[in-house]
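Please read the following report alongside the sequence and the coordinates.

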Amino acid sequence: MNAILDWMQTTWINALALNYSWTWPTMETLHFVGMSLLIGSILVMDLRLIGVQRVIPSLTVHSLVPMALTGFGINLTTGIVFLFGDPYRYAINISFQIKMVLVLLAGANALLYAVKVAPAMENAPPHAPTPPIAKAVGATSIALWVGVICFGRLIPYLGTG
C-alpha cells in the first residue's frame, strides 16, 4: 500500500495539486459545481421514481442523465486530484473510505436501475405510478448520495483511521 501511496506523490497530478496555489481552491470549487450538477439531477430523477410529481412524465426526467454524468465526471476528476495531492491523508481516513463505499453502492444501485427499472418503465404510461422496485431504487439512491455528501464533508474533521 505504501508503495502505491509513495508513487502517487511522485506523479504530475501531485505536483499540480501542491505546487500551484490556485489548484486546490479551483478543484474544490469545481468539485462543488460537479456535486451540485450530480445531486440536483439525481434528486429530481429519484423523486420522480419515488412517485413525487407524477404530472411530469417519467421518461422526461431521463433527459437529466447527461447532466448527472457530467457532474459525476467533474467530481471524479477533481477527486483524483485531491487523492493524488494528499494520498496518505485520504487512504487512511475513515470518512473517505466510507464515502467511496457509498459511491460504489450508488453505482450498483444505478446499474440495478438501468437493468431492471428503466426497461420496465419504457412501456408504462408517462404518468403511471412507478413500480415498487423503482420506488426502492429511488429512495436508496437518495439515501446513498446524502451519505456520500455527509461523509465527504466529514473528511477534514473525522481525522484518520
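Three aromatic pairs are counted in this predicted model, under the rule that rings of Phe, Tyr and Trp (its six-membered ring) pair if their centres lie within 6.5 Å, with planes under 30 degrees apart called stacked, over 60 edge-to-face and the rest tilted. Because the model is a prediction, local features need pLDDT of at least 70 and side-chain atom pairs count only at pLDDT 80 or more, whereas totals for chains, interfaces and linings use all residues. Residues are numbered from 1 along each chain as its sequence is written, and side-chain values use heavy atoms, with hydrogens and water left out.

A pair of aromatic rings is described by the distance of the centres and the angle of the planes. Two of the pairs are set out below with both values.

| Aromatic pair | Centre to centre | Angle between planes | Class |
|---|---|---|---|
| W24 and F82 | 5.0 Å | 45 degrees | tilted |
| Y90 and F96 | 5.2 Å | 65 degrees | edge-to-face |

What does the pair of W24 and F82 tie together? W24 belongs to helix 3 and F82 to helix 4, so the pair links parts that are 58 residues apart in sequence. Helices here are DSSP runs of H or I with at least four residues, and strands are runs of E with at least two, both numbered from the N terminus. In terms of accessibility, buried means under 20% relative accessible area, exposed means over 50%, and partly exposed lies in between, with a 1.4 Å probe and protein chains only. W24, with a relative accessible area of 22%, is partly exposed, while F82, at 6%, counts as buried.

In the other tabulated pair, Y90 and F96 are both buried. The face of Y90 also has R89 lying over it, at 5.3 Å from the ring centre; a charge is taken to sit over a ring if NZ of Lys or CZ of Arg is within 6 Å of the ring centre and within 35 degrees of the ring normal.

The axes of helix 3 (residues 23-50) and helix 4 (residues 65-85) come within 7 Å and cross at roughly 150 degrees, where axes are lines fitted to C-alpha atoms, for helices over the stretch in contact, and angles run from 0 to 180 degrees between N-to-C directions. The crossing of helix 3 with helix 4 is left-handed, a term used if the near helix is turned anticlockwise from the far one by less than a right angle. Sorted by class, the contact of helix 3 with helix 4 has 15 nonpolar, ten polar and one charged residues; Ala, Val, Leu, Ile, Met, Phe, Trp, Tyr, Cys and Pro count as nonpolar, Asp, Glu, Lys and Arg as charged, and the others, Gly among them, as polar.

Helix 3 packs with helix 7 (residues 132-158) as well, at an angle of about 155 degrees and with the axes 8 Å apart. This angle makes helix 3 roughly antiparallel to helix 7, the label for angles over 145 degrees. Helix 3 passes helix 7 in a left-handed crossing.

As a whole, the chain has seven helices and zero strands, and its C-alpha trace spans about 55 × 30 × 25 Å along the principal axes. Of its 161 residues, 34% count as buried.

Several single residues complete the picture. A106 has its place in helix 6 (residues 94-122) and is buried at 6% relative accessibility; its C-alpha atom is separated by 12 Å from that of L38, 68 residues apart along the chain.

Q53, in the loop between helix 3 and helix 4, has a positive phi of about 55 degrees although it is not a glycine. H127, in the loop between helix 6 and helix 7, is partly exposed with a relative accessible area of 40%, and the C-alpha atoms of H127 and S58, 69 residues apart along the chain, are separated by 6.7 Å.

Definitions and conventions:
Parallel < 35°, antiparallel > 145°, perpendicular 65-115°, else oblique.
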